[in-house]
Amino acid sequence: MTLVSRRTLLLGSAAIGGLLVTGVGTNQASAEEGNTLRLPIGRAAGNLDPQRYVGIFAVQDMIFDPLVHYSSGGKIEPALAASWDKSPDDKVYTFKLRPEVTFTDGEPWNAEAAKWNLDRWLPKEDYNWMRISANLDKIEIVDPMTIAIHFKQPTPTALVEFSYVRPVRFLSPKAVDGEGKYASPVGTGPWKIEKDAPEGTDLIPNEKYWGAKPSVDKVSLIVMPDARSRMSALRAGDIDAMGGQFIAPVSPQDAKTLESSGMTVVTDTGTDTIVLGFNPRIDTFKDVRVREAFNLLIDREGICKAVMKGFATPTMNLYPEVIAYSGTRFEVPKRDLEKAKSLLDEAGWVGEPVRSKDGKQLNIDLVISEDAVPSSRALGEVIQALLSEAGIGVKLRNVDHATRHGDIPEFKYDLSLFITNGAPYDPFNSIGLMVLSTIEPGTDGKIYEDKAVDPLILKALSAPEPERAEAFQAVFTWLHDNWAMMPLFHAQRIWAHNERVKAFAIPATEYEMPLKGISL
């Protein structure tokens, strides 16, 4: 079975949604000024089945609750589980469920409803990209409000994985058809669907919600695929805010434009990393001297200023500091053209204008995709210019989302831009799915692979809490010392809003709407 990353599961249907060309449309015209928050979304909300990878994550998050909630910095907080215990060996997790919770159709939340949901996906191989599925032994109802989940192997990732949006969220057992297939989006979350149409989705508060009540009376999500249209709508007051990498992204260039036109731009530290990755299966990049030379040719600070307009931090780390167990900060090397040339000479790549070795020229195919990695074209052009100064020929191959996710797992590239998985998936997912060689490459491919680092990765993925920081550091140190990849920068998360919004906070992850604490 080919495993896939959370980013693939998120973006897999984006190309389909992108075909929907819609203006502000009916939702905008009918949106009540009052206490209705109007936000754009890049495509229709889609099928919101929490066990499928189709709908927009942030909309699913509004409707369906997790067992536990991931908050800033990786802190795990109670949600549908009021408390929990785990065995010393990380093999058994026992969840005390929150009492007096009901689904929006009136069905009770209890151990039977929890087990019914977990049985729909947890034992199935298709979900083995998560360790809670791959290691599952059994799901036990301890009492009417307690469940215990037993694993065959230590699974220290369990609490983080139970915070994911899909396939982990909980659907009403009555929200299915006669064959048990998903029929309607009925959850226990703070919001419920009032209207869902191709042009947008309206949600209203769940009056039965167990937690803090929403601060607005309605959220109107308006389908607007085009970034320029979103910017115009924000300035005109037709929408209230825009942003979110997977909702209605604001590029650094657009942020500067919006800021200059009087909009408020809000940023927060990003949780992922843009990485330039080598194809680890071609001979050219098996030489550590070549990998080091390529790293030294990159001007990370210049890229952050010129391409990212200052909305990014240069890095040599796989994860930003906001990710738990992200390790010590490695020094970002200054661009050193002469040393890079010397290393290539030592590796046998000589000559000009394009270097060659054994009759083969050093021509590199760099795959870029605006669909998968924002600002890919601009990044690619800068990287192309930097590498060419050392006698490296670089051809940019710009592909759409579907083509990229066909070529990358088949290693049909020399270099490619990647994005790590970010919160709440890291630190476990990116090294587990995109570096560990024993896992088949998902549609996001491999940033790097080498059997020599596999034991360190496996140890980090299963390390108990007291040993976890040291175990992850060993992985990061190996990757750094072997110049295994080219981390470029940690991009900031960007939202923009107009003066109608009085209070605004960027949520903990890219899979949430900015609804907590917002006021109009």
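Trainee: Which residue in strand 20 stands opposite valine 275?
Mentor: Valine 275 faces proline 487 there. This is a predicted model, where local features need pLDDT of at least 70 and side-chain atom pairs count only at pLDDT 80 or more, while totals for chains, interfaces and linings use all residues. Residues are numbered from 1 along each chain as its sequence is written, and side-chain values use heavy atoms, leaving out hydrogens and water.

Trainee: How many bridges join strand 13 to strand 20?
Mentor: Three, and the two strands run antiparallel. Strands (E, at least two residues) and helices (H or I, at least four) are DSSP runs, numbered from the N terminus.

Trainee: New topic: at what angle do helix 10 and helix 12 pack?
Mentor: Helix 10 (residues 288–297) and helix 12 (residues 337–346) pack at about 160 degrees, and their axes are 8 Å apart. Axes are lines fitted to C-alpha atoms, for helices over the stretch in contact, and angles run from 0 to 180 degrees between N-to-C directions.

Trainee: What does that make helix 10 relative to helix 12?
Mentor: Roughly antiparallel, a label for angles over 145 degrees.

Trainee: Which residues of helix 10 meet helix 12?
Mentor: Among them are Arg289, Val290 and Glu292 in helix 10, with Leu337 and Lys339 among those in helix 12. The residues of this contact divide into eight nonpolar, no polar and four charged. Ala, Val, Leu, Ile, Met, Phe, Trp, Tyr, Cys and Pro count as nonpolar, Asp, Glu, Lys and Arg as charged, and the others, including Gly, as polar.

How values were computed:
Parallel < 35°, antiparallel > 145°, perpendicular 65-115°, else oblique. Contact = heavy atoms within 4.5 Å. Pairing = 2+ DSSP bridges.
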